[in-house]
Amino acid sequence: MPGIRSRIKRIFATRKEPPRLDKGKARADSPPTPTSDTSDSDGLPVLHYSDLHLAPATLARSSAFYLVGHALPPAPLPQAKQLLTSPADIKKTLIHPRGSTVRGYNSAVSSGREWWDYSPENGGKNLTLDDEGFQAATRAYFTASIALLQEICAQFNSSPSSSSSSSSSSSTPTIPSEVITDVGFSTMRYLRYSPAVFPESSNTTSNTTSSTTNNTTSSTTTANNAKSTPSDPSSIPRMEAHTDHGILTLMTATAPSGLYIWDRTGQIYSAPPLSNAVLIIAGDLLAHFTALPNTNILDDGEKAVGSSTVLPTVHAVVMPPDTRERYSVAVFLRPRRELVVNRGKGGEVTFGRWAEEKGRIRGRRCWMVGQQQPQF
Ligand SMILES: O=C(O)CCC(=O)C(=O)O
Ligand SMILES: [Fe+2]
């Protein structure tokens, strides 16, 4: 589509290296500072850690914000590269024995993407590289990021307008307290986007079947010709538009990034990495937890959405032209799978069941109010 192509070109027009953010000084009203020759962020807000109490209102309004002034260790982008460029026989040993897509190594070759999910169980020793330094950096970033996301969740419970969606008692916390104290089913993902991940054009017949694209047969077929037709949009490494299952996601990436964020009005923002900043977005469950009092987002749909309801953040990645490869890190705050998230008309629904049902619905990876809800 020429419209999308020219927009991408415009967004990734070359810029001079900007000054680094003065850590600890930026405030919510500071202009974002891109780390390299990407565009600016089209105006996504930047929040300083000392203004964390503004996070609930900022997410409700803007769908995403950059956080600066945090005390996270350096982003483990070198570790993402180390693991995802390991020899194929090593990556093979990191595949989950029962094929989990949120544990160990996975790939979506027709999207030019591969990823590895860290599991905190067993001290982070499952399906990982045999490298102490790698393991220590990975564990440290996961632990600090989850603590930060839990701190953001705590702001929802202390804000004066906080209220619970699924209870009639206004003293019930907006976010269940176990989310703030327990790591639940949280994970961290290292991703690599590269033309090298596409199947070779010589293998064109049948090896793109595990595609996670929104489209059906035709996009799978074009993806087979990925290397021979570089102008074909399906040959661009990417992640299709979606929302995340959990509560909050913390993201960071190499530049230029190619990450796009939709706000609740449908406006699209580019979200390049900024110096010393992490990007915070909302997952499906945050909409559920911040629904209007005495409503239920699965049963009541739009009627459950108020001005302080945080809708899940729709996002997508399109690797910018002329980028050799892209690495990113996403930390997902999720409750344990058994947490009952809904006791509405459809009965009890656990987080695990909710997430599984969403995964089964083809072409509907964005869980958005107004769309048909899944039948549990
Ligand atoms: O690579 C990115 O920046 C986005 C990754 C993502 O959205 C996901 O894994 O859910
Ligand atoms: Fe995502």
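The questions and answers below concern a predicted model.

Residues are numbered from 1 along each chain as its sequence is written, and chains are lettered from A and ligands numbered from 1 in the order in which they are written. Local features need pLDDT of at least 70 and side-chain atom pairs count only at pLDDT 80 or more, while totals for chains, interfaces and linings use all residues.

Q: How many helices and strands does the protein have?
A: Helices (H or I, at least four residues) and strands (E, at least two) are DSSP runs, numbered from the N terminus. On that basis the protein has ten helices and 14 strands.

Q: What share of the 376 residues counts as buried?
A: A residue is buried if 20 or more other C-beta atoms lie within 10 Å of its own, exposed if 12 or fewer, and partly exposed in between, with C-beta atoms placed from the backbone. The share of the 376 residues that counts as buried is 42%.

Q: Which residue is the bridge partner of Ile261 in S9?
A: Strand S8 (residues 259-262) runs antiparallel to S9, and three bridges join the two. In S9, Ile261 has as its bridge partner Tyr269.

Q: Within what arc do the buried residues of helix H3 fall, seen down its axis?
A: Helix H3 (residues 77-84) has Gln79, Ala80, Leu83 and Leu84 as its buried residues. The arc is that of the directions from the helix axis to the C-beta atoms. The buried residues line one face of the helix because they fall within an arc of 120°.

Q: Which elements do the buried residues of H3 pack against?
A: Two residues are in contact if their C-beta atoms, placed from the backbone, lie within 7 Å. The partners of the buried residues of H3 are one helix, H5 (132-158), and the strands S4 (113-118), S5 (187-193) and S12 (326-333).

Q: Which elements give two or more residues to the shell around ligand 1?
A: A residue is near a molecule if its C-beta atom, placed from the backbone, lies within 6 Å of it. The residues around ligand 1 include Arg189, Leu191, Met251, Ala253, His315, Val317, Ser328 and Ala330. The elements that give two or more residues are S5, S7 (248-253), S11 (314-318) and S12.

Q: How many residues of each class does the shell around ligand 1 have?
A: Ala, Val, Leu, Ile, Met, Phe, Trp, Tyr, Cys and Pro count as nonpolar, Asp, Glu, Lys and Arg as charged, and the others, Gly among them, as polar. By class, the shell has seven nonpolar, two polar and two charged residues.

Q: How many other C-beta atoms lie within 10 Å of Ser63?
A: Ser63 lies in the loop between helix H2 (55-62) and strand S2 (64-68). Ser63 is not a glycine, yet has a positive phi of about 70°. Ser63 is buried, and the number of other C-beta atoms within 10 Å is 23.

Definitions and conventions:
Two strands pair if DSSP finds at least two bridges between them.
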